[in-house]
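This briefing goes with the model shown below. Please keep the sequence and the structure at hand while reading.

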Amino acid sequence: MTSAIPRITLNDGRTIPQLGFGVFQVSPPETRRAVETAIEIGYRHIDTAEMYRNESGVGEAIAASGIDRGEFFITSKLSNAAHLPDDARRAFEGTLTALDTDYVDLFLIHWPLPTLYGGDFVQTWRTLEEFYRAGTARSIGVSNFTPHHLRRLRVETEIRPAVNQIEIHPYFTNEETRAYDRDNEIANEAYSPIAQGEVLDDPTIEAIARQVGKTPAQVVLRWHIQRGDIVFPKSNNADRARENLEIFDFELDEGSMAAITDLDRGEKGRTGGNPDTMAWMPKR
């Protein structure tokens with residue numbers, strides 16, 4: 001299954017597996033077991049974050065696998081509480097320690113937080129540029145950035161984000177940001193790819209699933225893949241994690257792709273926070 005997963009070339013020349021395994025909302029005690037199972041099934045791209053508080057479980061699972069570190073693509077994200085440069089440096093060192101690795105493959109600013117830190121996410125990005133130049137973050141990017149946030153980075157900094165991880169699913173296709181990213185060679189990563197399960201009972205998706213002989217979740221993930229986005233569903237259930245990998249033996253036709261895209265509800269479909277107002281800070 002690992003060999004079937006396409007890789008996308010980033011604007012820095014590195015490649016990333018288009019399908020990965022996410023650990024958002026996986027409790028710290030459960031993370032090692034979940035990631036060990038995912039690795040056994042065939043996942044090599046793991047997405048975590050400082051604010052998930054489960055980086056150490058990811059690191060433990062990778063170490064226990066006996067598989068060379070270079071076979072994995074590990075992503076983590078900077079805590080909202082660590083945007084000041086010195087705080088970001090300390091937090092990043094904490095990430096490397098928790099993951100028990102000398103580098104991460106991709107490190108992201110988790111949220112732009114324009115109402116905090118004087119709205120200065122540029123200084124935070126410049127700190128990530130330090131990690132990139134040092135080689136401790138092989139690629140750097142952002143999460144939840146909109147076009148106006150990205151335009152500011154383009155004017156005021158030197159390195160383009162390789163990735164923008166944003167909410168994307170059939171009820172919130174986020175086309176404006178996807179288009180900006182595409183035009184500026186920034187890879188889109190889709191989080192909440194099945195809208196936390198909300199789209200799985202949609203009659204349109206159920207009908208397409210029956211037509212192609214797949215589950216609704218497989219249909220939605222295939223929609224993401226054919227649109228060119230990177231996706232990393234999470235599941236604590238081994239059978240579902242395996243099912244999520246089994247999406248490379250079929251294709252959706254143009255009509256099915258369009259029907260799913262047409263389910264977009266705009267802002268009403270968003271399930272997560274709004275990047276322009278998000279100001280949540282984790283407890284120390």
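This is a predicted model: local features need pLDDT of at least 70, side-chain atom pairs count only at pLDDT 80 or more; totals for chains, interfaces and linings use all residues.

Residues are numbered from 1 along each chain as its sequence is written, and side-chain values use heavy atoms, with hydrogens and water left out. Helices (H or I, at least four residues) and strands (E, at least two) are DSSP runs numbered from the N terminus.

**Sheet**

- Eight strands form an open sheet with parallel pairing, in the order β3-β4-β5-β6-β7-β8-β9-β10; two strands pair if DSSP finds at least two bridges between them.
- The edges are β3 (21–22) and β10 (230–231); each has a single partner strand, so one side of each lacks a neighbour in the sheet.
- β3 runs parallel to β4 (residues 45–47) and is joined to that strand by two bridges, with I46 of β4 as the bridge partner of F21.
- β6 and β7 also run parallel, joined by five bridges; L108 has G141 in β7 as its bridge partner.
- β7 is largely enclosed by the rest of the structure, because six of its seven residues are buried (under 20% relative accessible area, with exposed over 50% and partly exposed in between, for a 1.4 Å probe and protein chains only).

**Helix pair**

- Helix α4 (residues 121–134) packs with helix α5 (residues 147–156) at an angle of about 60 degrees, and their axes are 10 Å apart.
- That makes α4 oblique to α5 (angles under 35 degrees count as roughly parallel, over 145 as roughly antiparallel, 65 to 115 as roughly perpendicular and the rest as oblique).
- The contact is made by F121, V122, W125 and R126 of α4 with H149, R152, L153 and E156 of α5.

**An exposed residue**

- E176 is found in helix α6 (residues 175–183) and counts as exposed, at 61% relative accessibility.
- T146 and E176 are 30 residues apart in sequence, and their C-alpha atoms are 8.4 Å apart in space.

Key:
Axes are lines fitted to C-alpha atoms, for helices over the stretch in contact, and angles run from 0 to 180 degrees between N-to-C directions. Contact means heavy atoms within 4.5 Å.
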